[in-house]
Amino acid sequence: QVQLVESGGGLVQAGGSLRLSCAASGSIFSINVMAWYRQAPGKQREYVARITNSGRLNYADSVKGRFTISRDNAKNTVYLQMNSLKSEDTAVYYCNADVKSSPRLGEQNYWGQGTQVTVSS
């Protein structure tokens, strides 16, 4: 079994910054893609950013130029640096990862429990 634990959420004023972390633990052989999603009140969960184990990046248009995703493969941890935050960035942010627990098994997809980010205007 694999657990993803997010941290770093909180309350910040518009224009401010926050850094989210997500640490994966448990039965891990390798992690391919690690990603962040978010869900605002009354809305569907939406994609924010992703990073592969080789460092390829991709961002949603809504966060390009403001958010930066990175990872530390040795620590099985992914980060999301969020700058120039806007009120519309308010949401619960979820970590997601594609994990192989052994070389003989295929990848399984896991979600964290989420961390609240609130941006006050």
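Biologist: Which side chain does the side chain of Thr-118 join through a polar contact?
Modeller: The partner is Gln-116, at 3.3 Å, where a polar contact is a pair of N or O atoms within 3.5 Å; within protein, one must be able to donate a hydrogen and the other to accept it, and residues adjacent in sequence count only if both atoms are side-chain atoms. Keep in mind that this is a predicted model, in which local features need pLDDT of at least 70 and side-chain atom pairs count only at pLDDT 80 or more, while totals for chains, interfaces and linings use all residues. Residues are numbered from 1 along each chain as its sequence is written, and side-chain values use heavy atoms, with hydrogens and water left out.

Biologist: Where does Thr-118 lie, and what does it touch?
Modeller: Thr-118 lies in strand β11, residues 115-120; strands are DSSP runs of E with at least two residues, numbered from the N terminus. Leaving aside residues up to four places away in sequence, Thr-118 touches Gly-10, Leu-11, Val-12 and Thr-90, with contact meaning heavy atoms within 4.5 Å.

Biologist: Why does Thr-118 count as partly exposed?
Modeller: Because its relative accessibility is 29%, and buried means under 20% relative accessible area, exposed over 50%, and partly exposed in between, with a 1.4 Å probe and protein chains only.

Biologist: Switching to Asn-96, is that one buried or exposed?
Modeller: Asn-96, in strand β9 (residues 91-100), is buried, with a relative accessible area of 6%.

Biologist: Which polar contacts does the side chain of Asn-96 make?
Modeller: One is with the side chain of Asn-109, at 2.8 Å, and a polar atom of the Asn-96 side chain also lies 3.3 Å from the backbone oxygen of Tyr-110.

Biologist: What order do the strands have in the open sheet of 4 strands?
Modeller: The order is β1-β3-β8-β7, with antiparallel pairing, and two strands pair if DSSP finds at least two bridges between them. The edge strands, each pairing on one side only, are β1 (2-7) and β7 (67-72).

Biologist: How many bridges join β7 to β8?
Modeller: There are 6 bridges between β7 and β8 (residues 77-82), which run antiparallel, and Arg-71 stands opposite Val-78 in β8. In their hairpin, which has 4 residues between the strands, Asn-76 takes a positive phi near 50°.

Biologist: Which residues of β7 are on the covered face?
Modeller: Phe-67, Ile-69 and Arg-71 form the covered face, whereas Thr-68, Ser-70 and Asp-72 form the uncovered one. In a regular strand, side chains alternate between the two faces of the sheet.
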